[in-house]
Amino acid sequence: MQTINIKIGGMTCGGCVKSVTNVLETLSGVEKAEVDLASASAKITFDPAKVQTAKLIEAIEDAGFDASL
């Protein structure tokens with residue numbers, strides 16, 4: 001397992017946090033996603049053999065938010 005932090009832009013409320021968390025945790029290979037509104041970031045634990053970092057960022061962006069390492 002690998003853990004990374006991704007910066008997320010555009011989150012304004014708890015609903016946004018829940019949306020990003022759900023999007024990440026439904027991806028195959030993601031074990032855990034801890035999304036924090038105050039720091040505008042997500043700490044993601046995932047299996048790099050099943051999902052790449054680029055796919056995590058793409059999923060966040062597809063949900064309507066900005067994402068970067």
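Contact, as the word is used here, means that heavy atoms lie within 4.5 Å of one another, and it is in this sense that helix α1 (residues 14-25) lies across the strands β1 (2-9), β2 and β3. The structure is a predicted model, and its chain holds two helices and four strands, which follow one another from the N terminus in the order β-α-β-β-α-β. The radius of gyration of the chain is 11 Å, close to the 11 Å that the globule rule gives for 69 residues, so the chain is as compact as a globular protein of that length.

**The sheet**

- The four strands form an open sheet in the order β2-β3-β1-β4, and their pairing is antiparallel.
- The edges of this sheet are β2 and β4 (66-68), each of which pairs on one side only.
- Neighbouring strands of the sheet are turned against each other by 25 degrees on average, when direction is ignored.

- Strand β2 (residues 30-36) and strand β3 (residues 41-46) run antiparallel and are joined by six bridges.
- Among the bridged residues, Lys-32 has Thr-45 in β3 as its partner, while the partner of Val-35 in β3 is Ala-42.
- The two strands β2 and β3 form a hairpin with four residues between them, and in the turn Ala-40 has a positive phi of about 50 degrees.

**The helices against the sheet**

- Helix α1, which lies across β1, β2 and β3, runs at about 165 degrees to β2.
- Helix α2 (residues 53-62) packs on the sheet as well, where it touches β1, β2, β3 and β4, and its direction makes about 30 degrees with that of β1.

**The chain as a whole**

- Taken along the principal axes, the C-alpha atoms of the chain fill a box of roughly 30 × 20 × 20 Å.
- Buried residues make up 38% of the 69 residues in the chain, where buried means under 20% relative accessible area.
- The chain exposes about 3900 Å², and carbon and sulfur atoms supply 48% of that area.

Conventions:
Residues are numbered from 1 along each chain as its sequence is written. This is a predicted model: local features need pLDDT of at least 70, side-chain atom pairs count only at pLDDT 80 or more; totals for chains, interfaces and linings use all residues. Side-chain values use heavy atoms; hydrogens and water are left out. Two strands pair if DSSP finds at least two bridges between them. Axes are lines fitted to C-alpha atoms, for helices over the stretch in contact, and angles run from 0 to 180 degrees between N-to-C directions. The radius of gyration is taken over C-alpha atoms; the globule rule is 2.2 Å times the number of residues to the power 0.38. Buried means under 20% relative accessible area, exposed over 50%, partly exposed in between (1.4 Å probe, protein chains only). Accessible areas come from the Shrake-Rupley method with a 1.4 Å probe; for residues, only the protein chains shown count as cover.
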